[in-house]
Structures are given as structure tokens and as C-alpha cells.
Amino acid sequence: MIEARHLRVLRAVAATGSFSAAARELGCTQPAVSQQMKALEASAGTPLLIRTGREMRLTQAGEALVRHAAGILAGLTAAEEEIAAIAGLRAGRVRLVSFPSGSSTLVPTALAALRAEHPGTRVSLVEAEPPRSVEMLREGDCDVALAFRYEGAHPAEEWDDLVVRPLLADRLVGLVAEGHPLAGAGSVTIDAFADDPWIAGCPRCRRQLVEVCRGAGFAPRIDFATDDYPAVVGLVGAGLGVAVLPELAIESVRPKGARTVTVEPPVRREIVALTLPDLAQVPAVAATLDHLAMAAAR
């Protein structure tokens with residue numbers, strides 16, 4: 001295998017015409033230059049230099065290698081500079097996928113801080129709900145996935161192969177129309193809504209709703225289902241039903257015509273940032289995880 005350090009020595013020998021002059025240029029000893037040239041000739045499998053007395057000239061193979069060495073070393077230098085820029089967060093790219101309420105609350109704060117601290121790092125964003133977002137991470141379609149799971153609803157080993165950065169526990173709150181009998185209640189148990197029509201959210205949230213209501217002794221009558229949180233709020237505000245939404249979703253939407261009520265016992269979803277173990281070592285990815293955690297702590 002031809003090594004870059006040997007090519008640098010060959011170029012110096014070709015340019016100066018001797019081992020001693022090449023050693024002075026490279027800042028090493030003449031025996032070191034001689035040893036490296038022997039190693040290069042062994043790797044090449046053919047003589048590269050012809051030594052005649054004090055003179056030294058390149059063989060045809062040596063001339064070919066010197067000609068290619070310029071481009072090879074230039075390419076390596078460019079690669080080293082680019083890698084150094086990425087490692088120093090002067091450059092780099094992060095592909096982020098997030099669920100909608102995370103995109104409208106945690107992500108803007110995190111990415112604004114990341115851009116201010118590392119303006120050379122580019123972040124792209126697409127939206128997907130888990131488990132699709134987690135699949136995208138495993139399939140190599142993103143570098144960081146903002147995801148959630150409900151407490152006790154999914155086994156912990158679901159993410160055993162991933163680096164999990166916990167961000168926050170997002171409590172579900174009840175949402176009712178301003179004219180609803182429970183609009184002024186401080187807190188209610190979920191079975192207080194047993195006779196109400198429901199507006200349900202995304203498929204995972206819908207399953208969780210059904211499970212929680214079943215545990216309270218009733219089956220919710222779901223009249224409408226949508227994963228668009230403003231639509232849920234609008235339907236509730238129009239008096240068409242009740243809903244439970246994560247606090248992050250309420251934070252991202254102005255609940256016009258609707259009131260929030262605390263639901264007991266509490267139901268929470270765990271908000272996390274996920275990445276692959278190797279990606280966690282990439283400086284731009286690590287910085288993105290850090291800024292998501294800081295955004296969640298505010």
C-alpha cells in the first residue's frame with residue numbers, strides 16, 4: 001500500500017535531486033528519507049530512483065508516481081481541511097426529523113441557538129410521527145429523530161439499539177369548549193368525559209386515548225380524527241367534542257373558543273431525541289442533541 005507520507009518524500013527527492021537535500025527540506029534525517037524511499041519502492045514493486053554516484057534521477061515508474069502524487073496529495077489536503085472544518089463545526093450537515101408539535105416548539109429554539117453558535121452547520125427538517133421517524137433513522141434517511149412514546153405503553157427495548165437523549169415529560173391535558181360544563185374545572189378524571197363525543201389525534205395518540213379510557217371503564221365515542229392539532233382545537237372550540245392533547249401541542253396552537261383542564265391521573269408521553277451510536281460521535285449531531293436538550297429545559 002502506497003502511503004501519503006512516502007509520496008511526500010518522493011516529491012521532495014525528485015525536486016531536490018538528493019536524499020540529503022530532501023531531508024533538509026522535510027526536517028528529518030537522511031537515513032529516514034532513505035528508509036521511506038525503500039518502503040515506497042517495496043510497495044510499488046519496482047525501482048523508482050536510479051542512483052549514479054552523487055546524482056539521482058527518476059525511473060519511468062518514478063516519474064509516473066511523482067506526476068500522480070501532486071493530485072493525490074492535493075486531494076488529501078483538501079479532504080483534511082474539510083474534515084477539520086466539520087470536526088470544528090465550521091461546516092457540516094444534520095438531517096432532523098420531528099413530529100409536528102416538536103417542530104413548532106422545541107425545534108425552532110434549538111436550531112436558532114445552533115445556528116448562532118455554529119453558523120456553518122446546516123440542518124434540514126422533515127416531519128414524521130413515530131414509529132416512522134424511528135424507522136427513517138435506522139434506514140439512514142436522517143441523523144436525529146425527535147420522537148415520543150407514552151409511559152408504559154411501549155417496551156423500553158424498542159430503542160435499545162439507539163442513543164436516547166431524554167428531553168422532557170409531556171403531560172396530556174383535556175380540551176373542552178368554553179361552554180362545556182367542565183370548562184371551569186380545575187381538574188377532572190377522564191371518565192367525566194365518558195358521555196362526550198371525542199376528537200382524536202394521530203394513530204398512536206388515538207390508540208393511547210382508547211387504552212386510557214378503557215382503563216377508566218368506558219369506550220370513547222370518536223366522532224372525528226385528525227393529526228392536525230389546529231383542526232382538533234377548532235373542532236373542540238366549535239363544540240363538536242372534547243379531546244386530550246399534549247402540552248406541547250397546546251403551546252403551539254392558540255386554543256380559540258376552547259379551555260384546557262387538568263386530567264387525573266396524569267398521562268404523559270416521553271419526548272426524546274434519538275440517533276445512532278456512530279452518529280452521536282459526529283460533532284454537528286452532538287451539538288444538535290445538546291441544543292434540543294437546552295430548548296426542552298427552558
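The charged end of Arg 204 sits over the ring of Phe 148, 6.0 Å from the ring centre. Arg 269 also lies over the face of Phe 148, at 4.5 Å from the ring centre. A charge counts as over a ring if NZ of Lys or CZ of Arg is within 6 Å of the ring centre and within 35 degrees of the ring normal.

This is a predicted model: local features need pLDDT of at least 70, side-chain atom pairs count only at pLDDT 80 or more, and totals for chains, interfaces and linings use all residues. Residues are numbered from 1 along each chain as its sequence is written, and side-chain values use heavy atoms, with hydrogens and water left out.

**Aromatic pairs**

The structure holds three aromatic pairs. Rings of Phe, Tyr and Trp (its six-membered ring) pair if their centres lie within 6.5 Å; planes under 30 degrees apart are stacked, over 60 edge-to-face, and the rest tilted.

| Pair | Centre to centre | Angle between planes | Geometry |
|---|---|---|---|
| Phe 99 and Phe 148 | 5.1 Å | 85° | edge-to-face |
| Phe 148 and Tyr 150 | 5.9 Å | 80° | edge-to-face |

Phe 99 and Phe 148 link distant parts of the chain, 49 residues apart. Phe 99 is in the loop between strand S3 (93–98) and helix H5 (100–117), while Phe 148 is in strand S5 (residues 144–150). Helices (H or I, at least four residues) and strands (E, at least two) are DSSP runs, numbered from the N terminus.

Phe 99, Phe 148 and Tyr 150 form one aromatic cluster. Phe 99 is buried, at 1% relative accessible area. Phe 148 is buried at 0%, and Tyr 150 is buried at 3%. Buried means under 20% relative accessible area, exposed over 50%, and partly exposed in between (1.4 Å probe, protein chains only).

**Helix H1 and its partners**

The axes of H1 (residues 4–16) and H2 (residues 19–26) come within 8 Å and cross at roughly 120°. H1 is therefore oblique to H2. Axes are lines fitted to C-alpha atoms, for helices over the stretch in contact, and angles run from 0 to 180 degrees between N-to-C directions. Angles under 35 degrees count as roughly parallel, over 145 as roughly antiparallel, 65 to 115 as roughly perpendicular, and the rest as oblique.

The crossing of H1 and H2 is right-handed. On H1, the contact residues include Val 9, Ala 12 and Val 13; on H2, they include Phe 19, Ala 22 and Leu 26. Contact means heavy atoms within 4.5 Å.

H1 also meets H4 (residues 60–87): the axes come within 9 Å and cross at roughly 125°. These two helices are likewise oblique to each other. H1 passes H4 in a left-handed crossing. A crossing is left-handed if the near helix is turned anticlockwise from the far one by less than a right angle, and right-handed if clockwise. Leu 7, Leu 10 and Ala 14 are among the H1 residues in this contact, and Leu 65, Ala 69 and Leu 76 among those of H4.

**Two single residues**

Gln 36 is in helix H3 (residues 30–44). Gln 36 is buried, at 19% relative accessibility. Not counting residues up to four places away in sequence, Gln 36 touches Arg 5, His 6 and Val 9.

Val 261 is in strand S11 (residues 258–264) and is buried at 3%. Leaving aside neighbours within four places in sequence, its contacts include Val 173, Leu 182, Val 188 and Phe 193. The C-alpha atoms of Val 261 and Ile 190 are separated by 10 Å, and the two residues are 71 apart along the chain.
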